[in-house]
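The points can be checked one by one against the sequence and the coordinates.

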Amino acid sequence: MSESHQLPSVYLETTIPSYLAARESQELRTRGKQQATREWWDHRRSDFTLYVSEFVLIECQAGDSEVAQKRMDILHGIPLLEGIIPANDIARNLVARLSLPDKAAIDAAHIAICVVNGIDFLLTWNFTHIANAALRPMIEGVCDAFGYACPVICSPEELMGY
């Protein structure tokens, strides 16, 4: 998706608008993630072309209606990536290869949508099923098997210095 004259592309996985919209946490680690996310959002997001998918919208609409509305307001105007047919095959392959539980199928879909749309960065705080160093070689292997490049999967902290 990116060419030399275009801004790098970033897919915002659901944890990003969730941390932006949440009330400040009393838990130190969570509060640090919230602050890092706000800092990236305020100072770096304009250096990238942002995207989301229908899966992000679905997840952001869940839960407390007031916070869900804040998440949706944050996402307003961000282009929606299409769930291209090959993404379904890649997502199914990721679920099988990574031995993901059924509840993590959307995590595989986030990755697959980035892959087929040629997104440069997948921004997330999900270290369980997405930004997991132990799973990274398997994720890259599935991408390679389908003939696609894997996006850089990282947190807002990691993308601050790009």
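**Notes on the predicted model**

1. His 129 touches Leu 100, Pro 101, Ala 104, Asp 107, Ile 111 and Leu 135, when residues up to four places away in sequence are not counted. The model is a predicted one. His 129 sits in the loop between β4 and α7, and with a relative accessible area of 15% this histidine is buried. With one of the residues touched, Asp 107, the side chain of His 129 also makes a polar contact of 3.0 Å.

2. The sheet is open and has 5 strands, in the order β3-β2-β1-β4-β5, with parallel pairing. Its edge strands are β3 (80-81) and β5, each of which pairs on one side only.

3. Strand β1 (residues 9-12) is joined to strand β4 (residues 121-123) by 3 bridges, and the two run parallel. Here Val 10 has Phe 121 of β4 as its bridge partner. β1 also pairs with strand β2 (residues 49-53), again in the parallel sense and over 3 bridges. On that side Ser 9 stands opposite Thr 49, and Tyr 11 stands opposite Tyr 51.

4. Is β1 covered on its faces, or open? In a regular strand the side chains alternate between the two faces of the sheet. Both faces of β1 are covered: Ser 9 and Tyr 11 are buried on one side, Val 10 and Leu 12 on the other.

5. β2 is mostly covered as well, with 4 of its 5 residues buried. β2 pairs with β3 in the parallel sense over 2 bridges, and Val 52 stands opposite Leu 80 of β3.

6. Which residues have the most contacts inside the largest nonpolar core? They are Val 10, Leu 12 and Trp 40, in a core of 49 residues. The largest share of this core, 7 residues, comes from α6. In soluble globular proteins, nonpolar side chains tend to be buried together.

7. Leu 12 deserves a separate look. Leaving aside neighbours within four places in sequence, Leu 12 is in contact with Trp 40, Trp 41, Leu 50, Tyr 51, Val 52, Val 56, Leu 75, Ile 78 and Leu 123. One of these, Trp 40, is itself listed with Leu 12 among the residues with the most contacts inside the core.

8. In helix α7 (residues 136-145), the residues Ile 139, Val 142 and Cys 143 are buried. They lie on the same side of α7, because they cover an arc of only 100° around the axis. An α-helix has 3.6 residues a turn, so residues three or four places apart point the same way. What covers the buried residues of α7 includes α5 (85-97), α6 (105-116) and β5 (152-154). The face turned away from this buried side carries Pro 137, Asp 144 and Ala 145, which are exposed. After α7 comes Gly 147, with a positive phi near 80°.

9. How many disulfides does the structure hold? The count is 0. A disulfide is a covalent bond between the sulfur atoms of two cysteines. For Cys 60, the closest cysteine sulfur is that of Cys 114, 14 Å away and therefore too far for a bond. Cys 60 is also buried, at 0% relative accessibility. The sulfur of Cys 150 has its closest cysteine sulfur in Cys 143, 4.0 Å away, which is too far for a bond, the cut-off being within 2.5 Å.

10. Two further loop positions are worth checking. Ser 155 lies in the loop between β5 and α8 (156-159) and is buried, with a relative accessible area of 2%. Leaving aside its neighbours within four places in sequence, Ser 155 is in contact with Leu 123, Thr 124, Trp 125 and Phe 127.

11. The other position is Gln 61, in the loop between α3 (54-60) and α4 (65-75). Not counting residues up to four places away in sequence, Gln 61 touches Ala 68 and Met 72. The C-alpha atoms of Gln 61 and Arg 136 are separated by 29 Å, and the two residues are 75 residues apart along the chain.

Definitions and conventions. Residues numbered from 1 in each chain as written. Predicted model: local features only at pLDDT ≥ 70, side-chain atom pairs only at ≥ 80, totals over all residues. Heavy atoms only, no water. Buried < 20%, exposed > 50% of the residue type's maximum accessible area, 1.4 Å probe, protein only. Arc of directions from axis to C-beta. Contact = heavy atoms within 4.5 Å. Pairing = 2+ DSSP bridges. Core = buried A, V, L, I, M, F, W, Y, C linked by side-chain atoms within 4.5 Å. Polar contact = N/O pair within 3.5 Å; in protein donor to acceptor, adjacent residues only side chain to side chain.
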